[in-house]
Amino acid sequence: MSHSSSQIKVLSLNCWQVLQRLGLKYVSKDRQPRIQAIAEVLSASDYDIVCLQELWVHADFQYIRSRVSKTLPNAKFFFSGALGSGLAILTKFPIVETSIRPYSLNGSPLDVAGGDFFVGKSIVSAVVEHPLLGETEVFNTHMYARGGDDGEEANRAHRIVGAWQFGNLIRASARRGRYVIAVSISILSKVAKAQRDSQAGDFNSIPNSLPITIVRSHGGLVDAWMASHDSSLFPTETVFSPQLAVRDYGITCDSPLNTYSAGKPLSDVAKRFQGKRLDYVFYRQPQTPPASSGRSTSSSSPSWELLCKKSEVVLTGLVPGQSFSYSDHFGLEAILEVRHSRSVARSPPPTIDGFGVTTGLEAPTPSLRSASAIPLEDFCATELSSHSLSAALNALGIAYRRARKKATMELTGFGASLLVAVGLVAGSAWQPRPAFNPVMVLAAVALGWAGTTLLYSGFIHGNYEVNMLVNTIEEMEMLRAQRSERVSSTDSRTSSPRR
C-alpha cells in the first residue's frame, strides 16, 4: 500500500458505454480496448475507492473486477431498470452493506431516445469499514440527463426532485454517524442565449446550477475540487487554453483534448470555456459520533475529520498505443486526508456585507467573492438558501401544472384512439371494397397500441409524476415553514425588552 489509512484516494470515471443513452453494448466507440485500458490503469493504481458510471455491460464490470482484485478486492455492480443503472463501486475497504435507490422521477416512458426511464437512473451506495473513520458511506450516481438550466422551468424539475432525494439520503447517512463520500455525474444542456448574455458565471453552470446547489447545500457537502483549488470558482471570460481549463476549472467533458469531442456538436458554452465541468467528488463529516460495526464508539474514541488534500482531472491522455481517449469524460481524482479533529485549524466563516455565512470550504479565498455569478451564500451555505429553495419550488410548481395538463391530453388521446379504432373495425365490415378490410384492421390495431401507450403514460405515469412532485413540494414547503418559525422565534427573543 503506497499510502496509509490517513488518506483516502478516490476516483470517479464515466466509462461511456452508451450512445444516445440507450445503454446498448455495441454502439459506444472503441468500447473493448477502452475498457481494457481502464482496467490496466486501475490495476496499477493505488486508489482506495473507485466509482464508475455508464458501465452498462456486466461482463465489462467482471473483467475490470478480475484485473483489480488484488488492489480493490471489494466491488459491487448495481442492477436497476430494464437496462441497468450503469453504476459500480470498487474499494479496498470491507463493504458492510449496499443499497440502490432509483430516482423517483426519471423522465417519460414516451422519451425512448432519452432512455433514462428505462435504465432506471439511481443513487447507489456502499457502506465501507474504514480503519480510522469506521462506517463511511460511499454514494455514486448519474443524474437524470434531460433538462438543464435553460428554457422552460419545468424542464429541470425531474433533476431537482432527484437532487432533493440525493440530499435527503446524504443527510440521513450523516445523522447515523457516518462519514460520507459522494460522487455525482450531471448533464448540462445548452444554455439559452439570454442566459449566456446576462450571467457570465453560469456559462459553465453545472457547479452553481440549481440541482447541484441542492445536492451540495441540502446535503451539507464539500466540493473536493473547490476545497483544494485557489483559482476562481468559474471562468469569467473566454478560456483559450484547454490545458488551463482542465487544470484550473476541473473541465471533464467536451474538452478539445478529448478525441471523442472532435466532430461532436458542442454548445457555445463548451466552445468558449474549452468544455464543461460535469464530474464531482463531494464529502462531509457525520452529524453524530462515527458509527462502527465492530468497535466501541465511547467518548474516549478519537474523532476524525475529512479534508481534501488534492483534487485533479486525470486520464486526459490517449490510450497507450491507440489514437483515442479513455472515455468521452476525463476522470476526476480526489485525495481526502483523515485528520484528528483537534489538529484541524478552523478559520472563522467569511462575512458578506456584515453578515456571517457558514461555509463548507476549508480555506475560502478572496476569489470566491468575485468569480461566482450566484450569491456566495448559495455556494458556501451548509443549508439550502431561501433563494435556491424559492427557485426550486417555482420550477416544481410549473412542472406540476404541466404534468397534470400533459396527463389530461394523453388520456384524451387514449379516448380518441379508442373511438377511432372501434370505428375502423366496425366500418371494415360495411365498406364495399374487401381489399381495404386488412388495411383498416391494421390501422385499428396500431391505434389501439398507441392508445394503450397513452393510457399508461397519462394515467399510471402521469399520476405517479404528479404525486412525486407534490411530495417534494410539500417537503420543501415544510422546510421553508420551519425556517420562518425559527426566524420569527429569533426576532421575538431579540425584540423582547430586557428586565
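Reader: Which residues of α6 are buried in this predicted model, and what makes the helix count as largely enclosed?

Author: In α6, the buried residues are L210, P211, I212, T213, I214, V215, R216, S217 and H218. Buried means under 20% relative accessible area, and 9 of the 9 residues of α6 (residues 210-218) are buried, so the helix is largely enclosed by the rest of the structure. After α6 comes G220, whose phi is positive, near 65°.

Reader: How many residues of the protein chain are there, and what percentage of them is buried?

Author: The protein chain has 499 residues, and buried residues make up 53% of them. The chain holds 13 helices and 14 strands, and, of its contacts with a separation of 6 or more, 73% are between residues 24 or more positions apart.

Reader: What is the strand order of the open sheet of 6 strands, and what makes β5 and β9 its edge strands?

Author: The order is β5-β6-β7-β8-β10-β9, and the pairing in this open sheet is mixed. The strands β5 (95-102) and β9 (222-223) each pair on one side only, and they are the edge strands.

Reader: How do you know that β5 pairs with β6, and in which sense do they run?

Author: Two strands pair if there are at least two bridges between them, and 7 bridges join β5 to β6 (residues 122-130), the two running antiparallel. Within this pairing, S99 stands opposite S125 in β6.

Reader: Where does β7 stand in terms of burial, and in which sense does it pair with β6 and with β8?

Author: Strand β7 (residues 134-142) is mostly covered, since 9 of its 9 residues are buried. With β6, strand β7 pairs in the antiparallel sense over 8 bridges, and the two form a hairpin with 3 residues between them. With β8 (residues 179-185), strand β7 runs parallel and is joined by 7 bridges. The residue T141 of β7 takes part in both pairings, as the bridge partner of I123 and, towards β8, of S184.

Reader: Why is G81 called exposed, and which residues is it in contact with, leaving aside its neighbours within four places in sequence?

Author: The relative accessible area of G81 is 59%, and exposed means over 50%, so G81 is exposed. G81 lies in the loop between β3 (74-78) and β4 (87-91). With neighbours within four places in sequence left aside, G81 is in contact with F118, V119 and G120. G81 and K121 are 40 residues apart in sequence, and their C-alpha atoms are 7.8 Å apart in space.

How values were computed
Residues are numbered from 1 along each chain as its sequence is written. This is a predicted model: local features need pLDDT of at least 70, side-chain atom pairs count only at pLDDT 80 or more; totals for chains, interfaces and linings use all residues. Side-chain values use heavy atoms; hydrogens and water are left out. Helices (H or I, at least four residues) and strands (E, at least two) are DSSP runs, numbered from the N terminus. Buried means under 20% relative accessible area, exposed over 50%, partly exposed in between (1.4 Å probe, protein chains only). Contact means heavy atoms within 4.5 Å.
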